[in-house]
Amino acid sequence: MSAATTRSRTARTPAPDRLCAEAVDLARSAAEEVAAPGVVGEHVATVSEGDRVVTHYFECKEAGYRGWRWAVTVARASRAKNVTLDEAVLLPGTDALLAPEWVPWSERLRPGDMGPGDLLPTEAEDLRLEPGYTGEDEPLPSSVASEMSEELADLVDAEDAELTTRPETTHRGSIAAVADELGMRRARVLSRYGLHAAADRWEEAFGPKTPMAQAAPANCDTCAFLVPLAGSLRQAFGVCANEFGPADGRVVSLSYGCGGHSEAAVMPKPPRPAPHALDTMQVDEYPLRPARDSGSVPTETDGTEDLGHS
């Protein structure tokens, strides 16, 4: 049993070849040739890769590569005495500092990352968008409108062909062409998923659960500064037009609110000053001596002069 176990372990992990294991100097010189000067460190491990194939690992001292190791693989042919070099690469160790997993740019992009001149392409199968025109409103081939539109289209195309040669575009007699000329056609519009995603995003930023809305005296649906949106989002969102509000120019939920509500408080009228106590329009008379009938002095004297002492 002991011999069988030994043979089984030897088959899985063969013992390192002696000559390949001793070729540490050859491996170091190969690593130093590939790496920058002073980057290759101490010899840390020797691993057998197969019959007469050994990999020598050296410490990497380059800044920014903590835990990485230089791996140099050497080999020897059968019955040969010379050890040859296979490859020298830099590999991460068990505690190596690794870069995060690569993420496509479309998944790394965050709101606010776009700058002037940047282009943001959308996928053809973007779930947020759907075709703005599907052709479902085209008249039936057997209808009178279809016959009239075909005759009109042939006439218009013939007249245009006499004037200029233009590339093939939308059929001039189709409803899509009419909508194009009137400026009412878009290639794609927001899908229901796109509308719900935008609504969830706006409500999270300026919705009823925000601290500002919780402390507001009233909601935005009764505020004069709210500019309603068009379409189905009109029932739940609007644009704030209060320059002093925290959401000026932003899409806000009708349940949002702030202290700048138009009807939350009325500015008090400035206090009216009291009339001046001193009348400067007329002259006030002030007597130098008190009147005799005022009671402040005796009406008759005893004939003695007041000298200021008794």
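Let's start at a loop: Ser-191 sits between strand 6 (188–190) and helix 7, where helices (H or I, at least four residues) and strands (E, at least two) are DSSP runs numbered from the N terminus. At 6% relative accessibility, Ser-191 counts as buried; buried means under 20% relative accessible area, exposed over 50%, and partly exposed in between, with a 1.4 Å probe and protein chains only. Leaving aside residues up to four places away in sequence, Ser-191 touches Leu-127, Arg-128, Leu-129 and Glu-130, a contact being heavy atoms within 4.5 Å.

Please keep in mind that this is a predicted model, in which local features need pLDDT of at least 70 and side-chain atom pairs count only at pLDDT 80 or more, while totals for chains, interfaces and linings use all residues. Residues are numbered from 1 along each chain as its sequence is written, and side-chain values use heavy atoms, with hydrogens and water left out.

**The chain overall**

- The secondary structure comes to eight helices and nine strands.
- Of the 310 residues in the chain, 22% are buried.
- Among contacts between residues at least 6 apart in sequence, 48% join residues at least 24 apart.

- Strand 1 (residues 40–50) and strand 2 run antiparallel and are joined by seven bridges; two strands pair if DSSP finds at least two bridges between them.
- These two strands form a hairpin with two residues between them, and Arg-52 in the turn has a positive phi of about 60 degrees.
- Across this pair, His-43 stands opposite Phe-58 in strand 2.
- Strand 2 (residues 53–60) also pairs with strand 3 in the antiparallel sense, over seven bridges, and here Val-54 stands opposite Val-74.
- Strand 3 then pairs with strand 4 (residues 84–92), antiparallel over eight bridges, with Thr-84 in strand 4 as the bridge partner of Ala-75.
- Strand 3 (residues 68–75) is mostly covered, as seven of its eight residues are buried.

**Nonpolar cores**

- In soluble globular proteins, nonpolar side chains tend to be buried together.
- The largest nonpolar core has 13 residues, and those with the most contacts inside it are Val-40, Phe-58, Trp-70 and Val-72. Such a core is a set of buried Ala, Val, Leu, Ile, Met, Phe, Trp, Tyr and Cys residues joined through side-chain atoms within 4.5 Å.
- Helix 3 (24–34), strand 2 and strand 3 each supply at least two residues of this core.
- A second, separate core of nine residues includes Phe-206, Cys-220, Cys-240 and Leu-254.
- Val-72 touches residues including Ala-27, Ala-30, Ala-31, Val-54, Phe-58 and Leu-85, not counting residues up to four places away in sequence.

**Pockets**

- The largest pocket holds about 620 Å³ of space. On a 1 Å grid over the protein atoms alone, a pocket is an open set of points with protein on both sides within 12 Å along at least five of seven lines, whereas a cavity is a set where a 1.4 Å probe fits but cannot get out; lining residues have an atom within 4 Å of a point.
- Grid points are joined across faces, edges and corners, and a volume is the space filled by probe spheres set on the points.
- Of the 18 residues lining the largest pocket, Ser-106, Leu-120, Thr-122, Asp-126 and Arg-128 are the closest to its centre.
- Helix 4 (105–108) and helix 7 (192–205) are the elements that give two or more residues to this lining, and helix 7 gives the most, with six.
- By class, the lining of the largest pocket divides into 11 nonpolar, three polar and four charged residues. Ala, Val, Leu, Ile, Met, Phe, Trp, Tyr, Cys and Pro count as nonpolar, Asp, Glu, Lys and Arg as charged, and the others, Gly among them, as polar.
- The second largest pocket, with about 170 Å³ of space, is lined by Arg-192, Leu-195, His-196, Ala-199, Ser-232, Leu-233, Ala-236 and Phe-237.
- Helix 7 gives the most to this second lining too, with four residues.

**The cavity**

- A search of the whole structure finds one cavity of 30 Å³ or more, and the volume of the largest cavity is about 110 Å³.
- Its lining has 15 residues, of which Cys-220, Cys-223, Phe-225, Cys-240 and Cys-258 are the closest to the centre.
- The cavity lining divides into 10 nonpolar, five polar and no charged residues.
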